[in-house]
Amino acid sequence: MPLKVGDIFTFERTFTVRDVELFTEVSGDEGVHHITPDEQGRLVVQGLLTATLPTKVGGDHNVLARTMNFEFLRPVFTGDTITCEVKIEKYERQENNRTAIFAPFICKNQNEKEVLKGDFSGVIL
């Protein structure tokens, strides 16, 4: 089903210690806050791991990203459930037979606190 302007996609993910461990291994982002639990036993989730949430829409719809803008508003911890809402604001055919896309997003934790916002743009392959 093709995308259209105004479409909204919402999805959620609960981050686990294993997610952080795997991302640490792949990215090399070994900040002490990512490998040492806090007083509640939680790890801080890497910002770029959190940023994989809005890129899911791109992956689901074969978007070749050109720009991605992220504003990290507060930490995400293991055990947090993050809901991400992406809204398609631009979806138009270009002269080169590609389709341009632009979409802002907002991610909130289980307490309805914003943790990440931004936007991405690109073309549909």
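In this predicted model, Arg-42 lies over the face of Phe-77, at 3.7 Å from the ring centre.

Two aromatic pairs occur in the structure. In one of them, Phe-70 and Phe-105 have ring centres 5.9 Å apart and planes at 50°, so the pair is tilted. Phe-70 belongs to strand S2 (residues 63-72), whereas Phe-105 belongs to strand S5 (residues 99-108), so the pair ties together parts that are 35 residues apart in sequence. Phe-70, at 29%, counts as partly exposed. Ring pairs join Phe-70 and Phe-105 with Phe-72 into a cluster.

The protein as a whole contains four helices and six strands. Their order along the sequence is β-α-α-α-α-β-β-β-β-β. Contacts reach across this order. Of those between residues at least 6 apart in sequence, 65% join residues at least 24 apart.

Along the principal axes, the C-alpha atoms fill a box of roughly 55 × 30 × 25 Å. The protein has 125 residues, of which 38% are buried. Its accessible surface comes to about 7400 Å², and carbon and sulfur atoms account for 50% of that surface.

Technical notes
Residues numbered from 1 in each chain as written. Predicted model: local features only at pLDDT ≥ 70, side-chain atom pairs only at ≥ 80, totals over all residues. Heavy atoms only, no water. Phe/Tyr/Trp six-rings, centres within 6.5 Å; stacked < 30°, edge-to-face > 60°. Helix = DSSP H or I, 4+ residues; strand = E, 2+ residues; numbered from the N terminus. Buried < 20%, exposed > 50% of the residue type's maximum accessible area, 1.4 Å probe, protein only. Lys NZ or Arg CZ within 6 Å of the ring centre and 35° of its normal. Contact = heavy atoms within 4.5 Å. Areas by Shrake-Rupley, 256 points an atom, 1.4 Å probe, with all protein chains shown as cover.
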